[in-house]
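User: I would like to learn how to read salt bridges and surface charge in a model. Can we work through one together?

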Amino acid sequence: MEESGSTELTGLFVEKPPENVVAIAGQDVIFIAKVDSTTLARKPTMKWLKGKWMDLGSKAGKHMQFKETYDRNTKVYTYEMKIIKAVAGDAGGYRCEVSAKDKCDSSTFEVTVEVAQQESQEDILSAFKRSDAGEDEGDLDFSALLKATKKRKKPEKEEPEIDVWELLKSAHPSEYEKIAFKYGITDLRGMLKRLKKMKVVEPKISEAFLKRLESCYSVEKGKKIVLRCEVVDADVQVKWLKNGQEIKPSAKYVMESLGNVRTLTINRTSLADDAAYECVVGDDKCFTEVFVKEPPITITKLMDDYHVVVGERVEFEIEVSEEGAHVMFFEDVELHKDKDTKFRFKKDGKKHMLIIPEATLDDIGMYHAWTNGGHTKGELEVEEKQLEVLQDIADLTVRATDQAVFKCEVSDDKVTGKWYKDGVEVLPSDRIKMSHIGRFHRLVIDDVKPEDAGDYTFIPDGYALSLSAKLNFLEIKIDYVPRQDPPKIHLDTSGNMVSQNTIIVVAGNKLRLDVEITGEPAPTVVWSKGDQPITEAEGRVRVESRKDLSCFVIEGAEREDEGNYTIVVTNPAGEDKAVLFIKIVDVPDPPENVKCTGVGEDTATIIWDAPKFDGGAPLKGYLMERKKKGSSRWTKLNFDVYDSTTYEAKRMIEGVLYEMRVFAVNSIGMSQPSLSSKPFMPIAPTSEPTRLSVHDVTDTTCSLKWLAPEKIGAGGLDGYTIEYCKEGDTEWVVANQELCERQGYVVRNLPVGEKINFRVVAVNIAGRSPPATMAQPVTIREIMEYPKIRLPRELRTKYIRKVGEKINLVIPFQGKPRPVATWFKDGQPLDPKMVNVRNSNIDSILFIRAAEREHSGTYELVLKIENMEDRATINIRIIEKPGPPVNVRATDVWGFNAALEWNPPTDDGNCEITGYTIQKAEMKTKEWYTVYEHNRRPNCTVSDLIMGNEYMFRVYSENLCGLSEEPRHSKNTAVIAKTGLELKQNPYKEKDVCCVPKFTQPLVDRSVVAGYSTAISCSVKGFPRPKIIWMKNKMIIGGDPKYLMQNNQGVLTLNIRKPSTFDGGKYSCLAVNELGQDEVECKLEIRIPTDPDKQ
């Protein structure tokens, strides 16, 4: 990667990518940006963009990789973007943007991708010279073929180096062979292939396209995108290709041609549409690339932390919002299935899992999961295995042919091991058997022989630990005693017998007590627990008798089996008795009352009660586990036992609900888990409120204001507590009994003249924040301020309103102590029955619900504080529509004109008259037409009157409210006289148009289907207008609603609504007037409808 240009460090960036970067095609290129977070309140967000708006975050994969690291010492974030095997499409303008709350910064840089650098000209030429040319592989000197002696060439003049490729690219093809011969290039075919590839790279001036496709397009998955270009020939046909394959028109791909514009519309885009597209016109084509952005994939289930030992299986599991989403797992670098064989990746619908089959110490660290819309992380802690011996091997003393059993128990059931005798490994045989069942390891020796005696050792594989015990062989000597021997009990004091008469047994284990008994004759043996003899030969607790041996067996020892046991042996020679105390030890009961007593930002204090029963063995300590609420994965908090009943859990996430449980541990083992604690959330109080200041002070009150804390956290903010104390005192008094939710408060009932300190504390569920205080105490004393009325701008001129409107004037003022506001109208005190007034500390409101004319006048507001005052005057005028003008008259008539005059109205509506509206009307039609509007003068001339007509006039007056309700009519009319014209009318003789009724169109026979409305028609003429009579079968049709009779200009129609078979027959129409009559008739047939299916 070559770099040029300098990087200027500004804004948030400590280091930016270079402004110009030249990348070599096929090689990797890395861009690095560093951000200093010391001044930032939260973690910055970095975006890598190509062009103006293409977000490269959704393109993360095999071609592009993004990495983020953080240095806790320098507080510097390092962001990397890596392009793997750069291609020509990666060239262009890039931008990296970093933002954090209200701060942001950006850096732009340009990337150029070049093919791999060519060798020097000499190497290029030699590449195309044949290697078998021998002497001719230099300049083509054919003299070498001759047998003559070689002569030394004269030194040629040094010529400037010529770029052969530039010469070839600019030359005509007919010159290629000549140039190749001149510069010694013999492999002409290879040169032409190379030249063709180089020419493709050159930009070709398009003769078929007016406007090519854009270099790239970006679209969200599922949306529509339109690829658009313009061609020179409006009638030419184009082809669209996707990754070199022609696209056929379909519902998904719509190709359109409109003039010179050619478009390809891709509907409902999917990830399969992320490809290269071409538009082909003849031999010319233009290219583009479509990037399909997936919608943001959010993480619905976060990653849990793991605390395991070496060799355990670890499954980091997350859930995302959509199936088939792309999820990347990172440790320090991205984890790949192909590269990292120790990791396994599993998908199950929306679940994604990173599996470590066997954890090692090298796997310790923070694991991250990224989607294009979310991020989660989980911590893996791995500790070495620590093997604990739960039951050691006991020494054995056995007799010949008996069985010897060595048994031990370790904490891990997967641990294997080997047995040794006197340092030599014991191998299994017919007599010697070794077994491994769960946590128990046994060595069984049948038919013990003297040579079996020795030291036996068990060594677990992989641990520096050994368990040893001794096998003693007991020889039996039989002496003949002629006389009787009294019975004797021989107890073995080794093994589980911790004292002369106490045996400890682990609950659940088997106790087999073999007691050797001697005596002649054979004595009788009786076992008893307390006063109850044990006689059962079978069952869980039983007694087995053998020669010279009595066996007491307890299968699966329980707590109830603990107690004193007595063995009594008797024979005629005497009696012997022994008392044993069998103690049953077990794992302890689970701890009780696990609860959280306090939380911090990432910590919590947990306490619990010791178990009621310690299992018969002293408690060694406790093991703690925690989990997130809703999760099923418990995380161990300690591997070494913890001996206290109070524990502070750390490294938790603020705002997340957790549950805890505790295990008790003694020498026998670990108890069942306690009941889970109630869910608790690590939260911290907020930071102190900011910018506490005094807003106002009176003789007994002080108004405070402040801003919210900068850091609130997951616990939120419930409210504020305000406290105060006198200067010099240490006792703070709470001013508000309930939390104040606003960022301001008035502290009341303060002593006058005292200096008071104030402080404000933010409160949330985690408790109180540090207090916000002021540097100086506040003196409680009213500050005198002159009264001042701040009259709004619109009230400084005449205030005009219409009758009936609402008036609501708010006059703000200031002054301390509270001023007294008084209103006057026209110099007199205001009548409260006419006008409503309301005064407050900061303003005075004048309110009139419905304004009347009498509310007009000059209003004055007087503001007084002791002997100081301020005044403000408001002029209010209430207006309404005026009355009509007075004495409207036509004063003169000449030609086609008439002169009108009138007097102003007696009532101007309390407002200036702005004009008049004049209308005229002919006496014949009495229709009014407007002649003038907004006429300012009380007179006018009406022109364009029609000769021979008589006119009357009316006038409306107008002010700001509009025209008067009623006009004023003129007292006289204006007659436009005719001037010297006389019309002689010809005598008029009326024509006789009377005629006898006659039908011009008769009725026509009809056949209709029953149930469908029909009509019959005919036409008639006659004057005077004839009377029409409709008849059915010579019976007059009256007002039956079934029939509708119509007569339109002599066209007669009879409508019959939904006829039935009874409506068939002869219909006739009779037209009658005083000169005669005429009649027509027709036949109407009603058919019954038939069903085609039945036919």
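User: How exposed is Asp589, and how do I read its relative accessible area?

Analyst: Keep in mind that this is a predicted model. A residue counts as buried under 20% relative accessible area, exposed over 50%, and partly exposed in between. Asp589 has a relative accessible area of 26%, so Asp589 is partly exposed.

User: Which residue forms a salt bridge with Asp589?

Analyst: A salt bridge needs a side-chain nitrogen of Lys or Arg within 4 Å of a carboxyl oxygen of Asp or Glu. Asp589 pairs with Arg559, and their closest N and O atoms are 3.4 Å apart. This pair links distant parts of the chain, 30 residues apart. Asp589 sits in the loop between S45 and S46, while Arg559 sits in the loop between S43 and S44.

User: Where is Asp586, and what does its side chain meet?

Analyst: Asp586 lies in the loop between strand S45 (574-585) and strand S46 (592-599). Its side chain meets that of Arg559 in a salt bridge, at 3.7 Å from N to O. Asp586 and Arg559 are 27 residues apart.

User: Are Asp586 and Arg559 buried or partly exposed?

Analyst: Take them one by one. Asp586 has 19% relative accessibility, so Asp586 counts as buried. Arg559 has a relative accessible area of 34%, so Arg559 is partly exposed.

User: How many salt bridges does the structure hold?

Analyst: The structure holds 44. One of them joins Arg801 and Glu805, with the closest N and O atoms 3.9 Å apart. Arg801 is partly exposed at 29% relative accessibility. Glu805 is partly exposed too, at 32%.

User: Which residues are linked in a network of salt bridges?

Analyst: Read a network as a list of linked charges. Here the members are Lys510, Arg512, Asp514, Arg542, Glu544 and Glu555.

User: Which residues gather in a patch of positive charge?

Analyst: Lys788, Arg790, Arg793 and Arg796 gather in such a patch on the surface. Take Arg790 as an example. Its place is the loop between strand S61 (785-789) and strand S62 (799-802). Arg790 has 47% relative accessibility, so Arg790 counts as partly exposed.

User: What does the whole protein look like in numbers?

Analyst: Start with secondary structure: four helices and 87 strands. Then burial: 38% of the 1095 residues count as buried. Next, the surface: the protein exposes about 65700 Å², with 49% supplied by carbon and sulfur atoms. Last, contacts: among those between residues at least 6 apart in sequence, 62% join residues at least 24 apart.

Conventions. Residues are numbered from 1 along each chain as its sequence is written. This is a predicted model: local features need pLDDT of at least 70, side-chain atom pairs count only at pLDDT 80 or more; totals for chains, interfaces and linings use all residues. Side-chain values use heavy atoms; hydrogens and water are left out. Helices (H or I, at least four residues) and strands (E, at least two) are DSSP runs, numbered from the N terminus. Buried means under 20% relative accessible area, exposed over 50%, partly exposed in between (1.4 Å probe, protein chains only). Contact means heavy atoms within 4.5 Å. Accessible areas come from the Shrake-Rupley method with a 1.4 Å probe; for residues, only the protein chains shown count as cover. Patches are made of residues with over 30% relative accessible area and no salt bridge: like charges are joined within 9 Å, nonpolar side chains (Val, Leu, Ile, Met, Phe, Trp, Tyr) within 5 Å. Lys and Arg count as positive and Asp and Glu as negative; His and the chain ends are not counted. The place of a charge is taken as NZ of Lys, CZ of Arg, CG of Asp or CD of Glu.
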